[in-house]
Amino acid sequence: MARTTRRRLLQVSGTGAIAAGTGGLAGILASGRAPAFAQGTSLHWLRWNDFVPAGDEHLRKVALPAAEKALGIKIILESIGGNDLAPRTTAAIQSKAGADIIMGFNSTCQLYSESLADVSDVCEPIGSSQGGFYDAIKANNFDGTKWLAVPHMFGPGMNVYRKSWFDEVGVTSFPDTWDEYRAAGKKLKAKGHPIGQTLGHTFGDAPGFAYAYMWSWGGKEVEPDGKTVAINSKETLESVKFMTAFWKEALDEGGLAWDDSSNNRAFLSGTIASTLNGASIYIEGRRKPAQYQTEDGKAMADDMRHAPNPKGPAGRVHFHGTQSNMLMGYSKNQKAAKDFLRWVHTPENYGPWFRVEKGFASGPTKSWENDPMWKDDPVMLPFKDTAATARATGYAGRPTQKAAEVLNKYIVVDMYAKAVQGMPAEDCVKWAEAELKKVYSV
Amino acid sequence: MASARGTTIQDGVTFFGRVHKKGGILEDERWFAAALLSPTAVLLGLFIAYPFFEGIWLSLTNTRVGVPGEFVGLRNFEKVWNDSIFREAVWNTCWYTFVTTVIKLILGLWLAQLLNRNFKGKALVRAFVLLPFIIPTVLSTFAWKWMFDPTFSVLNWMLFHAGIITTRINWLGDPDLAFSAIIVVNVWRGLPFYAISLLAGLQTISPELQEAAAIDGANGWQRFRHITWPLLLPVTLVVTLFSVIQTFADFQLVYVLTGGGPANATHLFATYAYQIGIGTGLLSEGAAISLAIFPVLMAVVVLQLMYIRRVETR
């Protein structure tokens, strides 16, 4: 085994440092050599269990070995349930030990802002070279002065629906407004195929549905000043009243107890006709056509379509969950972690993973709208540019720590859940207003 | 070995392989007792006292995740007291503990009586009864979650095919049913603890007392009322004490089954403290919610211990 002398080590380190300092990944690649890190440098990357398992498989088998080769560091990928990320992050921050990079949902990085490394030098070049970040994902990860986390993807929610069942009730294209959706859902429920949506305590689908629905009616959490609670409005009240009837007439009432995977199972088992979800239902149906079939034995995926949210009085709005990678402040591998995050987001490395996700993940920057992947399957086309319609929590203010607190307390979700359980709409809105005031007044 | 021990006793005390001469520090009973107690004291201090006092300190500050807080007095307690979800959690926890404890006590006593009889395969049945208590709570609760699943509930399937229901029962989506569901799972899980502990208590009661009473003409209920119950009472109280403490601080079961939903209908102290402290990063408020259990639990424990002492000294 060749010995590495002190002089040689300094030379290589110098090259790596200069490369990283001057040209980031481009410099590293130009130097033709992996940057030098202390022997045995390893990065621990904590992520969720991807709803598209092929994505995790790609990371483990293709992307990470390639990154290790390019960067000269060992990368350990650990994946856990999405609902378990918060406790792991909290424990890591409090003990100042744990994964170097931790995935965060939506605006959770705002909760941990004091404990995260500034990743502006990673994000800015990515944004400027890739058409710019979408507003919602920037809002979630930028605190006004610096980037708290590197935006990784949107997990856009679209309404996946059974075309043939909608046709059967005389609805040949997906309803354009909430009124039309309610009318269609009423007919579908009468035929035993209700719409399915969760209003439970679960991180993705519940806020994804409830927030977007409220916004589309003109409801908002706070005024643009980010302090004055504004949820108790005529618009929110109308949305709650509508939801009560909509739920009873058109939705699967079991949805109050669903988690993020429940609607996937309900749809694929032929129980519900439509649900707001990421593309995972369609991707799974396409992956296993023999397992998921229609009543007449055809591949269910062939009967699936995607459509954006119906319009409310204030237009068509989406929540679209986002994911980012937080570089933890306690990490002793800051440089290696930043080099890795830069490596991940180069088009040649992000692209293959993005294509494996088949549209479940939308890119954080606008250039990914032009990726040839979108030409592969017309059913996935509605996901292509939907990120532009996304809004971040805390609207009409910014997705601050307070907004993240409201999100994690499920206050907006529970406002609707209480209504469908029978609480008068006015009381539900007042309850939500009181809870919001407690959060925003401190 | 015997002679070596004899020598040791005569000449000194062996402690961690060293022989201490007579008159050494461990010859003094007070020091010896302290030495024997110290491992336990250290463990209790590290894992019970330190977190407890740390929790008290946290609850009096405005600490957030990653941000050391400043002393804010009782502000967190004031905030949680005015929090409607917290009040709901208080009511839920008290009601949950009361109902499950009563049901577990009655069923546990009944099961213990049955298990105390002689029948074929007695040992095997006793072992099986313990199963719900042995299986990790998270695993068994996941199984229950599937059974209560709004779409794929096996309970609904059975009731439907038995012709008892025509539409699905929304086990975890309806607030009352969801609350009943967590009670059922808690009873299922906690019942073996009662049954086996009370069985142990029953076996300490001399059969001669029962026989004598039977000869005197006492029927089954009278024998239970006047012999079994009074003699079993100290054990029952201790078992109930442990159960109340465990149930009051229950977390895993509710977290897995409902996550505190629907709309906070099943939140308990622990799940709500977790949501605030861990989910939202407000560690000090989470600590205040957790500590709010303490006075209630303390009162219950003190009352029960006083009663146990009274029963034992009768």
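Modeller: A residue is buried if 20 or more other C-beta atoms, placed from the backbone, lie within 10 Å of its own, exposed if 12 or fewer, and partly exposed in between. The model is predicted, and local features need pLDDT of at least 70, side-chain atom pairs count only at pLDDT 80 or more, and totals for chains, interfaces and linings use all residues. Residues are numbered from 1 along each chain as its sequence is written, while chains are lettered from A and ligands numbered from 1 in the order in which they are written.

Colleague: Which residues of α9(A) are buried?

Modeller: Helix α9 of chain A spans residues 205-216 (helices, H or I, have at least four residues and strands, E, at least two, as DSSP runs numbered from the N terminus). Because 12 of its 12 residues are buried, α9(A) is largely enclosed by the rest of the structure. The buried residues are A:Asp205, A:Ala206, A:Pro207, A:Gly208, A:Phe209, A:Ala210, A:Tyr211, A:Ala212, A:Tyr213, A:Met214, A:Trp215 and A:Ser216.

Colleague: What covers the buried residues of α9(A)?

Modeller: Both helices and strands of chain A take part in the cover. It includes α10 (234-250), α11 (262-268), β6 (274-277), β8 (321-327), α15 (401-408) and α16 (411-420).

Colleague: Which residue takes a positive phi just after α9(A)?

Modeller: The helix itself reaches 16 Å from its first C-alpha to its last, close to the 16 Å expected at 1.5 Å a residue (1.5 Å times one less than the number of residues). Just after α9(A), a positive phi of about 100 degrees is taken by A:Gly218.

Colleague: Which residues does A:Tyr416 contact, leaving aside its neighbours within four places in sequence?

Modeller: Two residues are in contact if their C-beta atoms, placed from the backbone, lie within 7 Å. With those neighbours excluded, the partners of A:Tyr416 are A:Leu199, A:Ala210, A:Val240 and A:Met243.

Colleague: How many residues of domain 2 of chain A are in contact with domain 1 of chain A?

Modeller: The domain bounds come from an automatic or database domain assignment, and the C-alpha centres of the two domains lie 28 Å apart. Domain 1 of chain A brings 15 residues to the contact; the number from domain 2 of chain A is 17.

Colleague: What is the radius of gyration of chain A?

Modeller: Of the 442 residues in chain A, 56% are buried. A compact globule of 442 residues would have a radius of gyration near 22 Å, so chain A agrees with that expectation (C-alpha atoms are used, and the rule is 2.2 Å times the number of residues to the power 0.38). The value for chain A is 23 Å.

Colleague: Which helix gives the largest share of the side of chain B that touches chain A?

Modeller: In this interface, 27 residues of chain B are in contact with 32 residues of chain A. Helices α9 (175-203) and α13 (269-279) of chain B each supply at least two residues of that side. The largest share, three residues, comes from α13(B).
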